[in-house]
Amino acid sequence: MSPKPSNWLLLSLSLKKTQLDPNKLINYRPISNLPFLLKILEKVVSSQLSSFLQKNDICEDFQSGFRPYHSTETALIRVTNDLLLSSDRGCISLLVLLDLSAAFDTVDHNILLNRLENYVGISGSALAWFKSHLSDRYQFVAVNEEVSYRSQVQYGVPQGSVLGPLLFTLYMLPLGDIIRKYGVSFHCYADDTQLYLSSRPGETYQFDKLTDCVVELKNWMTSNFLLLNSEKTEVLIIGPKTSACNNLKHCLILDGSSVNSSSSVRNLGVLFDGSLSFENHISSICKTAFFHLRNLCKLRPMLSMSNAETLIHAFLTLRLDYCNALLGGCAARLINKLQLVQNAAVPKSIESSKKYDHISPVLSTLHWLPIKRRIDFKILLITYKALNGLASQYLSELLSHYSPSRPLCSQNSGNLIIRRISKSTAGGRSFSYLAPKLWNNLPNTVRDADTLCQFKSRLKTNLFNLVYT
């Protein structure tokens, strides 16, 4: 019997990265073009499944992919917070970024169904639906007007589907239990997994646990039809430049060969360096931003003021704001680099401003907060969400309300506990230190906002007055 049209998957290919050679098929990833009705059905099932997972607390705590109140920024905030606090204690940390090859395409359907039944607890008609949903699928590729033969899909969850990413995270559920056995900290975002471990300079032998953990993870992935790409796995040493750090450059062994540490690594779109200064990341943002600014200069005469401002936000503001909560407490010279980008963008969007005009009145007219205050805004926004059940649990547990041991006037102030630190350049930049410090300085009229929308409005007004009034 021929397959029904609704069970066919039309695959299109997209280039993984713009700088890759478009003539090599290995540089492409398949994207499934699914029927509209199928996406609606998957949306309904995904909503019910997510509600079930949340109600029964089944999801991995440190999996931030495709979950409400979770994002790449919340994941990086937690990882960076842990690494900065370790550095504040004088420890050396090892960050390992694992790379999986075509992870979504190699998911075994039988193993996935077993995971849904035994790990998640889905049974009966619900399990039968998932089995029906995964079985009897066919796919083909169309190039121009040529169509390939139809082949049955026995592996993988479609990239481009609504339900596929959620099913993949459930497929990876046992991963956390394996990592915890070795006492290694970790965080996942879909198929991106990062491991990190800290140790005193004289106790670097503890990093052997990290090697043993990676070996077991590789064996588990092999048995589950996942491929750990040893060549693309990256290692970053975080800590003071001492002899102990130099001895760690070849500490991780994969497939019988050592993995060299890198001077910087790209982690969920953010460049990490050995001192967590984010200098390389900021330089990359500035380079890309000025490239787009030069292009916008050529288009500016043809654009209205509102259209120019829209393009500025699309090409520049989004880049300046992406994961900017990580930049709290960074060196002023680095923040000033980003401020130069924002300053340069103003004449491109406002006709009346001149190149040498003072920038503050123009920013005030546009209602743009300067870069430092935009960073404070993001940190405080995440803090409000964490205190009101609108953020991930791993961020909420970093904040604690101040509760004095004896009755004081400040016991009902709503303040947060500011943790003790040793170095302002390390622990002083962690979220668990910066967030309470900024929060306690807010007026009660802002902190006591009833809704998130109200809080954002009051917070921006407060920061705006601090800068321009």
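## A nonpolar surface patch

Phe36, Leu37, Ile40 and Val44 make up a nonpolar patch on the surface, with about 440 Å² of accessible area together. Patches are made of residues with over 30% relative accessible area and no salt bridge, with nonpolar side chains joined within 5 Å; a salt bridge is a side-chain nitrogen of Lys or Arg within 4 Å of a carboxyl oxygen of Asp or Glu. Areas come from the Shrake-Rupley method with a 1.4 Å probe.

This is a predicted model, where local features need pLDDT of at least 70 and side-chain atom pairs pLDDT 80 or more, while totals for chains, interfaces and linings use all residues. Residues are numbered from 1 along each chain, and side-chain values use heavy atoms, leaving out hydrogens and water.

## Aromatic pairs

The whole structure holds 10 aromatic pairs (ring centres within 6.5 Å; planes under 30 degrees apart are stacked, over 60 edge-to-face, the rest tilted). Phenylalanine 130 is buried, at 4% relative accessible area, whereas tryptophan 129 is partly exposed at 27% (buried is under 20%, exposed over 50%, partly exposed in between).

Tyrosine 155 and phenylalanine 225 have ring centres 6.1 Å apart and planes at 50 degrees, so this pair is tilted. The two residues are 70 residues apart, and their pair links distant parts of the chain.

Key. Patches are made of residues with over 30% relative accessible area and no salt bridge: like charges are joined within 9 Å, nonpolar side chains (Val, Leu, Ile, Met, Phe, Trp, Tyr) within 5 Å. Rings of Phe, Tyr and Trp (its six-membered ring) pair if their centres lie within 6.5 Å; planes under 30 degrees apart count as stacked, over 60 as edge-to-face and the rest as tilted. Buried means under 20% relative accessible area, exposed over 50%, partly exposed in between (1.4 Å probe, protein chains only). Helices (H or I, at least four residues) and strands (E, at least two) are DSSP runs, numbered from the N terminus.
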